[in-house]
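Please look through the structure shown below and keep it in view while reading.

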Amino acid sequence: MVLELTRQDARRVAVRAQRLTARRPEGVLDAVRALSFLQHDPIAAVAPSADLVLFSRLGSSYDPRELADLLDQQRVIDLHGLLRPAEDLALFTAEMAQWPGPDPESWHQQNARWLEDNRGARADVLDLLRSDGPLTAAELPDTCARPWRSSGWNNRRNVTMLLEQMVRAGDVAVAGRRGREKLWDLAERVYPAVEPVPLAEALRRRDERRLRSLGVVRATGPATQTEPLDAGEQGELAVIEGVKGRWRVAPGLLAEPFEPRTALLSPLDRLLFDRTRMERLFEFEYTLEMYKPAAARRWGYYALPVLHGDRLVGKLDAAADRKAGRLVVHAVHQDFPWPRDVRAAVDDEITDLARWLELDLERSEGG
């Protein structure tokens with residue numbers, strides 16, 4: 001049986017799953033478990049993305065030190081730049097042990113070959129971490145026999161790429177940070193002890209977790225190097241009125257009540273990370289414009305998408321000036337003329353954002 005949904009049905013499932021209704025998570029760990037992961041990103045034009053995601057769910061009561069404490073306690077772990085509940089490590093250890101696996105994507109095959117060609121460098125890193133770790137990448141030797149070559153910015157970043165492949169193989173893990181630099185150590189000294197889940201069952205449960213956290217996903221999605229955009233065969237197959245393609249929906253989420261609220265989202269928020277899904281379900285146009293020249297930006301360097309109920313309705317162009325103690329609102333972009341209640345709700349969220357950042361709110365002429 002194929003479910004038939006309206007676009008509003010699908011949007012509400014997605015918003016409920018991402019814990020963006022009035023039913024807020026009970027705390028930081030509850031939020032991380034519900035979302036399945038937070039994406040670590042150091043850009044802090046307003047605040048780091050992981051913290052913005054938690055602010056969007058918890059409001060100004062959220063204290064970033066809570067997430068830092070969970071990382072220190074190994075109740076949340078950093079795996080490929082994604083902050084996951086520690087118990088989910090059990091869903092990845094079998095894959096690490098078999099990496100690149102029985103039927104790997106071509107880039108995993110190439111990366112595994114490169115790691116094997118540099119097995120001497122791999123041993124050198126393990127030896128040094130064993131005696132002196134944790135260390136930053138800059139403190140580790142580059143003894144690679146075959147350099148990393150790419151057409152992008154990773155070209156010849158041998159040690160960084162070596163460490164990334166060693167994470168996939170289960171050798172090393174992020175043990176913390178020194179400023180903005182990752183600290184690396186032996187995985188056995190960083191990760192908590194868990195009982196590995198067999199690979200086939202682990203992949204199924206990861207698909208199930210992903211679908212539950214997103215609510216509705218495309219039935220098939222393009223391959224990615226980190227977290228997939230689809231959920232395999234999990235959930236119920238669905239079509240959405242007026243929307244192309246087939247979809248998979250998490251069982252049970254359709255029946256839950258929808259209690260709307262307003263939220264300011266990180267540009268990397270999972271509600272909109274799959275841009276095709278965002279455009280089809282929410283009919284929302286958005287691009288992170290920090291890499292564009294200033295004159296080419298429509299919404300701002302690090303504009304925050306605005307959620308109201310089950311609609312994405314605009315963008316907030318704001319910046320935290322910490323030296324001056326101000327949150328400067330350059331502009332509030334309305335995708336359509338907002339009714340008075342929407343503007344009031346967005347203003348309340350902007351005020352709450354400034355309160356959370358402990359900054360004075362300053363509005364420019366366009367804000």
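What is the volume of the second largest pocket? The second largest pocket has a volume of about 880 Å³, where a volume is the space filled by probe spheres set on grid points that are joined across faces, edges and corners. On a 1 Å grid over the protein atoms alone, a pocket is an open set of points with protein on both sides within 12 Å along at least five of seven lines, a cavity is a set of points where a 1.4 Å probe fits but cannot get out, and lining residues have an atom within 4 Å of a point. This is a predicted model, in which local features need pLDDT of at least 70 and side-chain atom pairs count only at pLDDT 80 or more, while totals for chains, interfaces and linings use all residues. Residues are numbered from 1 along each chain as its sequence is written, and side-chain values use heavy atoms, with hydrogens and water left out.

Around the second largest pocket there are 34 lining residues, and Glu95, His108, Leu203, Arg206 and Pro228 are those nearest its centre. Strand 4 (82-85), helix 5 (93-98), helix 6 (106-117) and helix 10 (199-214) are the elements that give two or more residues to this lining; helices (H or I, at least four residues) and strands (E, at least two) are DSSP runs, numbered from the N terminus. Helix 10 supplies the largest share, 5 residues. By class the lining has 15 nonpolar, 9 polar and 10 charged residues, with Ala, Val, Leu, Ile, Met, Phe, Trp, Tyr, Cys and Pro counted as nonpolar, Asp, Glu, Lys and Arg as charged, and the others, Gly among them, as polar.

The largest cavity has a volume of about 70 Å³, and its lining includes Phe37, Leu38, Val53 and Asp269. Helix 3 (49-58) and strand 2 (38-39) each supply at least two residues of that lining, the largest share, 3 residues, coming from helix 3. The second largest cavity has a volume of about 60 Å³, and Arg206, Arg209 and Arg210 are among the residues that line it. Its lining has 2 nonpolar, 1 polar and 6 charged residues, and helix 10 gives the most to it, with 3 residues.

Next come the nonpolar cores, each a set of buried Ala, Val, Leu, Ile, Met, Phe, Trp, Tyr and Cys residues joined through side-chain atoms within 4.5 Å. In the largest, which has 76 residues, Leu38, Leu271, Leu316 and Leu353 touch the most other members, and helix 12 (residues 340-357) gives the most to this core, with 7 residues. Apart from this core lies another, of 38 residues, among them Leu79, Leu129, Ala169 and Ala202.

Finally, Arg248 lies in strand 9 (residues 246-249). Arg248 is buried, with a relative accessible area of 11%; buried means under 20%, exposed over 50% and partly exposed in between, for a 1.4 Å probe and protein chains only. Not counting residues up to four places away in sequence, Arg248 touches residues including Leu211, Val216, Glu233 and Leu237, contact meaning heavy atoms within 4.5 Å. The backbone oxygen of Gly232 lies 3.3 Å from a polar atom of the Arg248 side chain, and the backbone oxygen of Gly235 lies 3.3 Å from a polar atom of that side chain.

Definitions and conventions: A polar contact is a pair of N or O atoms within 3.5 Å; within protein, one must be able to donate a hydrogen and the other to accept it, and residues adjacent in sequence count only if both atoms are side-chain atoms.
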